[in-house]
Structure formats: C-alpha cells, structure tokens
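Please read the briefing below alongside the sequence and the model. Topics are grouped so that each can be checked on its own.

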Amino acid sequence: MLLRLAWRNIWRNKRRTLITLGMIQFAVVLATLMATIRDGIMDIQVENVVGGYQGYAAINDTGYVEEPSIDYIVPYNDSVQSFLKSQNLIKSYSPRIIGGGIITRGEKFKIGRIVGVNPALEDSLTHFSKNLVKGRMHHSIGEVVLGLGLAERLKADLDSVVFITGMGYQGNTANLMLKVVGIIKLSNIQENKRLAFVTLEEAREGFALYEGVNQIVLGLRDNTKAKQSVKKLKKQFTDPVQIYSWNELNVPLYMLVEVNDAVNIIVSAMLYFIISFGLFGTILMMLAERKREFGMLIAIGMKKSKLSYITYLENTFMAIFGTALGFVIAIPVVYYLNQNPVTLTGRNAEDIAKFGFEPLVRTSMNFNIFMWQAISVLGISLFFSLYPILKIRSMNENKAMKG
Amino acid sequence: MNVVETQNLEKLFIDAGTEVRAVDGVSINVEEGEFTAIVGPSGSGKTTLLNMIGGLDNPTKGKVQVDKVELTELSKNELIDFRLKNIGFVFQSYNLIPVLTAYENVEFVMLLQGRDPKERKARVNELLVAVGIADKAKNRPSKLSGGQQQRVAVARALAPKPKFIIADEPTANLDSKSASTLLDIMQQLNEKEGITFLFSTHDQRVIDRARRVVTLTDGKITEDKIVDV
C-alpha cells in the first residue's frame, strides 16, 4: 500500500511531475552527452597515441622514462623473450631501438625519430601494415618506412633515398642511407610527422647499439586494465629495468585525461546543481501542498517514519524515472555518435590538429559514465529527500492540520 | 465504564502577547456508548478540548485518561500508536487521502495496524455497507460528494475498532440532506453497535440528536445535560 500510495502521490499533480521529470531528463541527456563526447575524444587520443605507437605498457630502463636517450637500454635476449611469452597478461611485444637524428632528402630535412623494429613483431602489436598508405613493410637493411607527415615534409615518395645523421649509442655517430619502401599514416599527428621505421638490425648497426634495446613495448590481453596488469607484472622486475604503464610513460597525456575527467565532473556537477534547485522547489511545493494531509495521517496513527518513507519513495521514483527517460534519449544518440563519428573540418579541425589530436568526435560507450550519471541523480534526489524527512520529524500534527 | 476522563484540563495560548485560556479547568467523563455533543460558540474551546482528548494537543495543566491510559505521560510516538489503536477521528473537512479510493481510505488505517488482508477486506466491506457507499468503493474522494466523503471518513474512523470516535464539526461542510444521512448513520452505529461518539458542533441538527450535550463557554463547562431523544 505504501508503494502504491507513493506512486499515486507522484501523479496527483501531473503537470508538476512531468516538468520535474523533464528537468531531470534534460540534465541526464546533457550531462551524459557531454561526458561521453569528452570521454570519447580522449579515448581517441589515447587510442591514437598509446594504441597507435606508444603501447599500453613498456619495459624500459628507469632512466629512459625521465630522459629518453638511446644510452638507456634493457636486455633483449632469449631468456627475456621466454619470460615475455610465458606471461598470460602479455599478448604481444615489440623490441625497439629508438634514436634521434636529422632526416634529409635533397634540400629538405626534418629532425625525426628513427625507430628500429622487428616488422613482424611490431605488426602484431600495432597492426603497422594496415596503416601503410603506400608501398610495403621494410624487411631488410637499407629500407625505411616514413610517417606520412614526414614523407610530405621531405617530399619523399617510394624509392626516394633519405639520409639520417644522428647520435648513436654512447656518443657514436649514426649515418644511414635508406630507400623509402613504404609510407605509413600514424594516427597520432605528431608521430606521423617525425617517425621513420627501419629494421632492428639496421638500427643496431647504424646506432652502434649491439646489445639490448631501448624499449620493449607490450600489448596486453586487456588494454583497458593496463594499470592493473602492469601493477601485477611490476613484481617480477627489478631496477633499473622496470615495466611501465602508458600513463607513466606519457604523463602529459595522462594528465590531460585526468583533467578531462575532472572537467566532466565539474560540468556535470554544475548541471546537477541547477537540477537540484528544481528538485528542491518541487519538494517544497509538495510539502506545502500536503502539509494538512501529513498532519491528518499522523493524527490517525501513521508513524512519522512511515510517512517519511513514502516521501522518500516518491523522490526516488522521480529520480529513477527521470534518469531512465534521460537514458532513453541519451543512449541511442550516444550509440549513434559512437558508431558514426563526426569528422570536424575547417578551422576547428586545424586547431585541434595543432595539438596533435585527431579532429574526430566520437562518443564513448563507457558503462561507468552512464552508471555515474544515474548514481548522481539518485544521490541528489536522496539528499533532498532528507528535507521532507526532517520536516515530518519536527511536524506537529495539530498545527499541520490547520494548514 | 468511562472511556474518557479529564481532570481540571487547561490549555493556555499566547496570542499576540496576550494569554488566552482556551480550555479552563474542564473535568468531564465520557462513558462507553455515549453520543455526546460538545457545543458552544466559536472560540469557546470545543476543538481544543477534543484535540487534547484525542491526544493531538498537550494540555497546559490537568490530566486526560482514555481507557485508563494517561495521555500526558505518553511520548509522541506512543501517542501516535495509541491513537491508531484506540481513537477514531472524523474531521470537519473530511481529510481523506485524495489518491486512494474510498475502499483504500477505509482500509488504510487497518493496514497501518498490520491487520491481515482477509480481516481487512471483510471489515472494509462491512463498513462501506454500513455507511451506505458500498457502490462507491472504487471512487476516489474527488469523485464523491461532500456527504459521501464524510461517510467514508466515518467508516475510516470505525475501521480499527477504536474505543471511541472524535468528530470535530462533522456536518459543518455538509448540506442538510447529507448531514441528516450522516447523522442517521452515526446514530445507528451508536445505538446498534454501542460505538461511543464525542463530537463538537454548533449545528442544531446534531445537537438535537445528541443524548448528552455539554456546553462550553470561554473554555469552561457551563452546562452538561442528558437529553431524552
């Protein structure tokens, strides 16, 4: 009966209930869309930067994290490879030798990063070959695959010859002459403009690094749980060789994600703050309208706790229905934008690209976002439900009945 | 046997800085089966007296016993529980729950008492027949006339089988026909089932039906007479 009473009470003033539900719905839709879009944009950036080249986890020398230099190496021998293969959390791996240098073609030059990789292992990690826009993967000494941006900067094409002059291992000078066999489009715009891939052997010879590698990038079974997986794997490493998750390797990006999360919380909080006033107004009106009735109910023997429970149920119902109605609109829109990302064009796109981001708007289907929206609305409504409970507790039935 | 006993009941109010003695040393006993009217002009203290007898208001001084239980010694929660089990209320403005049907309004108090569904159903049907609105059981208060609503209120007050019923100006908002029907019902319940009624009124039609008329003037009992109806 109490449930029935609470349910019917909601509908005793249909217009007010519909306005309140509409208000909650609007906030849920807006907050969900904003959060999923922001989260989606960040997901793309993380996917591009981390998934496209950097990797969700990597084994480095501790010094390399602070100052990426070819001089910091980690062993890469049979026992290391056996260890990597034996770990269930690790799906794939790719050893890299990473050196810097000036890449020149004719009169064109660009300071870039030369990455020595095993093409097969790299492909299993980053699906390198799928991103080739021209040519093929590099297989032998003397071959290079250039990032599309870098190739454009150098005006290089397939079969072009480029020269690399850089700093090798422990002060050695690196000089390489390479033929372009492929051009790859890397999803991260900055990496696209500066990376050149050679074979591991080429890099080893060219940079005079005959033992170990600079980094072993890892593909994890579940990249979404990179932090937890790395935490488990960390126990098996001793300094100076350590395993790092992407957020430790790319602190600026991680900070950006964190800031984005914080902004999401602030924006949602502002929206819900506005909603709170609406909800509180509804509760105040409800209390004023039903004061006599509350007095009468207490007079005929209804415990204040039961009466409080009814008002609590009413607010909870409103919150649940408002949120559900919000999701009815938000989820299809979020799903559509997730499946059909919007590519930005024009100046906006250029501005975003300047920061190295892909000008693409795609919503995130992260369940946590929806869950937190629901929890927030419910939390607010439960918080404001305390007000009628307090009023009822201190209510004098006799005075209340007089209105 | 006395259902209600009051001793030197007093209620003081401060109204705009002035002390107002709404009830002034009222001692009254109500026996089981009485059909008693508290009468008097507006502001004579009828409602205040009934509120104190019903445990809705605390006396400034004096004692109120209902079925030998001293109400002034009960806590607020105990009073609510006591009212639920022992006192039925009929209010001037009906005060039904607007979102419940007539049937549910009558059933509601029994539900609060935790009575089992079978007993509730039987009692509610019996009462709706007794007050003559069984055919309106599914109607919400907004679909009932004032008289019908007040009859539902009487049925609601009777539902938990209280020791007595307090009715504060029960006919004040009713037309003559509805008032007459309501009084017939209340009188029948009193005569046939021995239900004790204590009501405040200044409606002559009600006074004419009462078997005992207690007159209050300025908070004091000025007359207390047994009437042959």
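A residue is called buried under 20% relative accessible area, exposed over 50%, and partly exposed in between, with a 1.4 Å probe and the protein chains only. By that rule Gln188(B) is partly exposed, because its relative accessible area is 40%. This is a predicted model, in which local features need pLDDT of at least 70 and side-chain atom pairs count only at pLDDT 80 or more, while totals for chains, interfaces and linings use all residues. Residues are numbered from 1 along each chain as its sequence is written, chains are lettered from A and ligands numbered from 1 in the order in which they are written, and side-chain values use heavy atoms, with hydrogens and water left out.

**Helices of chain B**

- Gln188(B) is found in helix 6 of chain B, residues 176-193, where helices are DSSP runs of H or I with at least four residues, numbered from the N terminus.
- The C-alpha atoms of Gln188(B) and Val131(B) are separated by 9.8 Å, although the two residues are 57 apart along the chain.
- Helix 1 of chain B, residues 46-53, is mostly covered, with seven of its eight residues buried.
- The buried residues of this helix are Lys46(B), Thr48(B), Leu49(B), Leu50(B), Asn51(B), Met52(B) and Ile53(B), and the helix is followed by Gly55(B), whose phi is positive, near 75 degrees.

**Nonpolar cores**

- A nonpolar core is a set of buried Ala, Val, Leu, Ile, Met, Phe, Trp, Tyr and Cys residues joined through side-chain atoms within 4.5 Å.
- In the largest such core, which has 77 residues, Phe108(B) and Phe164(B) touch the most other members.
- Helix 11 of chain A, residues 251-299, contributes the largest share of this core, namely twelve residues.
- Apart from it lies another core, of 51 residues, which includes Val49(A), Ile97(A), Ala156(A) and Ile164(A).
- With contact taken as heavy atoms within 4.5 Å, and residues up to four places away in sequence not counted, Phe164(B) touches Val3(B), Val4(B), Ile53(B), Val66(B), Asn86(B), Ile87(B), Gly88(B), Thr196(B) and Leu198(B).

**Aromatic pairs and charges over rings**

- Rings of Phe, Tyr and Trp (its six-membered ring) pair if their centres lie within 6.5 Å, and planes under 30 degrees apart count as stacked, over 60 as edge-to-face and the rest as tilted.
- A search of the whole structure finds 14 aromatic pairs over all chains.
- Trp7(A) and Phe321(A) form a tilted pair, at 5.2 Å centre to centre and with 50 degrees between the planes.
- This pair links distant parts of the chain, since Trp7(A) lies in helix 1 (residues 2-10) of chain A and Phe321(A) in helix 12 (residues 304-339) of chain A, 314 residues apart.
- Phe383(A) and Phe384(A) form an edge-to-face pair, at 5.3 Å centre to centre and with 75 degrees between the planes; Phe383(A) is exposed, at 55% relative accessible area, whereas Phe384(A) is buried, at 15%.
- Trp7(A), Trp11(A), Phe317(A) and Phe321(A) form one aromatic cluster.
- A charge sits over a ring if NZ of Lys or CZ of Arg is within 6 Å of the ring centre and within 35 degrees of the ring normal.
- The charged end of Arg96(A) sits over the ring of Tyr53(A), 4.2 Å from its centre, and that of Lys234(A) sits over the ring of Tyr244(A), 5.0 Å from its centre.

**Ser276(A) in helix 11**

- Ser276(A) has its place in helix 11 of chain A and counts as buried because its relative accessible area is 10%.
- Leaving aside its neighbours within four places in sequence, Ser276(A) is in contact with Ile380(A) and Phe384(A).

**The interface between chains A and B**

- In this interface, 26 residues of chain B are in contact with 21 residues of chain A.
- The two chains bury about 2,200 Å² between them, 63% of it on carbon and sulfur atoms, where buried area is the accessible area (1.4 Å probe) that two parts lose on being put together, summed over both.
- Ile80(B), Val99(B) and Leu112(B) supply 24% of the area that chain B buries against chain A, more than any other three residues.
- The count between chain B and chain A is four salt bridges, a salt bridge being a side-chain nitrogen of Lys or Arg within 4 Å of a carboxyl oxygen of Asp or Glu.
- Glu397(A) forms a salt bridge with Arg83(B), with the closest N and O atoms 2.8 Å apart.

Key. Helices (H or I, at least four residues) and strands (E, at least two) are DSSP runs, numbered from the N terminus.
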